[in-house]
Amino acid sequence: MSSAAAHTRLPRAERAALARLATDRLRTAAVDAVAIGWVDNAGLARVKAVPVGGLVHAASWGVGAAPCFDAFLVDDSTAGPVAEPAADTAGPAAPPAGSGVVGDLRLYPDLDRLVPLAAQPGWAWAPADRYTQQDTPHPGCQRLFARRAEAAARSRGLSVRAGIEVEWVAALAGPPEEEPRYPTAGPAYGLQRLTDLSDYLRDVLRALEQQGLNVLQIHPEYAPGQFEVSVAPEGPVAAADTSVLVRHTVRAVSARHGLRASFAPAVEPGGVGNGSHLHLSLWRDGRNLGHGGPGPHGLTGEGEAFLAGVLAALPELLVLGTPSPAGYLRLVPSRWAGAYRCWGLENREAALRLVTGSEGERADTANAEIKCFDGAANPYLAVGAVLAAGLAGIDEGLHLPPETTVDPARLAPGTVARLPADLSEALAAYERSAVLREAMGEPLYRAVLAVRHAESALFAGRAAAEIIAATRWRY
């Protein structure tokens, strides 16, 4: 997958014409302002906003945003310079991370995803692609990377349907330094939680559906005050957009109910944190390649090779899907976090869970779930990297190893490999990954590397409680 492939856009005049139509619709819906957002390498959603009357100009010429955001950490400090690549490294060297005080980028709202926000009257939201002032794709744009990955699959005649589960903990609003106080004492997965917060959860559902999202289910989860919502699968970039929109909506509804929402991978020491499980299925000519084939549990050859590529790359993929030191407080055995580098049919302790669905619907529903990703991930980086790894698996003709049919923690030590136990270990795998380096392109690859090294150093030697307190309300 070429890292230089550009996203094809409509000419400026056509973008302006579409923005004028969109502006008329927004005014009719009593929208006064548009939030134009992107997600940085630390996994935080950032935003610029324009009055609704400025949407045409924003769609035509973009909205300015400094390149230094590529180096932002979870605490809003910035990463230091990145070491220059070795002389034999392909691709141009990226500017040192954190040196973006000079220059500017342009945020272009994607009008196809423009939506009035149901829980924030008067506001609309659109995700942004980032371009240079010379109107070329910014090589560090995470959303454009995901677009390239989706296009690479499409160029092979493949399509991908993806969905990202969103887990969050709802707590009573209070000072950031305060320990969480929960609005319900109901048990894990308990109906009592639904009763205690029925108005809140109904408002979450209403807001999501008013924004055009197809909600599949919403339910209490394991940890205190924890809930999960799942939406229908869609294309990879669309699924990442939807993940951002769902989280923003949950935050807005929470605020209206006197609550705050945390999507952080760890909320309390020793507790079960928030995952961000990625479901995906691979399709060719309308056929689900996870069903009806000769491979394990009906996988076709391409479907198996794709998943084998993902499984093989999981250690380096953690840098993108489990990016924070806080995530490794969650990624431990016996918490359904997928801490082992293995796969299995409906095995919730395996990092890669195969979900065939019920008999009679498998041609539509068969998919795979990556369980080791969490709520600190930039969803565009996560889906783009998974696609790159899966396509590499097809290129290499990989096969899945033997299936793990039990809890891997119960097997003899060494039978099944653990995934990296900390961010430093995952970074070592990432730095060896030629597939991700090529797919992401040197500037984005190295910007992520700088941010991860800086966050690893930021939290080095700090106790679990300190890491959690510093990140609990950042995601």
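Which helix and strands each supply at least two residues of the lining of the largest cavity? The legends below take up this question in a predicted model.

**View 1. Elements around the largest cavity of the predicted model.** A search of the whole structure gives six cavities of 30 Å³ or more, and the largest cavity holds about 130 Å³ of space.

**View 2. Centre and residue classes of the largest cavity.** The lining is made up of 17 residues, and those closest to the centre of the cavity are Leu 280, Ser 281, Gly 290, Leu 299 and Leu 307. Sorted by class, this lining contains 10 nonpolar and seven polar residues, while charged residues are absent from it.

**View 3. Helices at the second largest cavity.** About 80 Å³ of space lies in the second largest cavity, to whose lining helix H6 (236–256) and helix H10 (379–396) each contribute at least two residues. The largest share of this lining comes from H10, with three residues.

**View 4. Residues that line the second largest cavity.** The lining includes Ile 164, Ser 243, Arg 247, Ser 276, Leu 278 and Phe 373, and it also includes Asp 374, Gly 375, Ala 377, Pro 379, Ala 382 and Val 383. By class, seven of the lining residues are nonpolar, three are polar and two are charged.

Conventions. Residues numbered from 1 in each chain as written. Predicted model: local features only at pLDDT ≥ 70, side-chain atom pairs only at ≥ 80, totals over all residues. Heavy atoms only, no water. 1 Å grid on protein atoms, 1.4 Å probe; cavity = no way out; pocket = protein on both sides within 12 Å on 5 of 7 lines; lining within 4 Å. Points joined across faces, edges and corners; volume = space filled by probe spheres on them. Helix = DSSP H or I, 4+ residues; strand = E, 2+ residues; numbered from the N terminus. Nonpolar A, V, L, I, M, F, W, Y, C, P; charged D, E, K, R; others polar.
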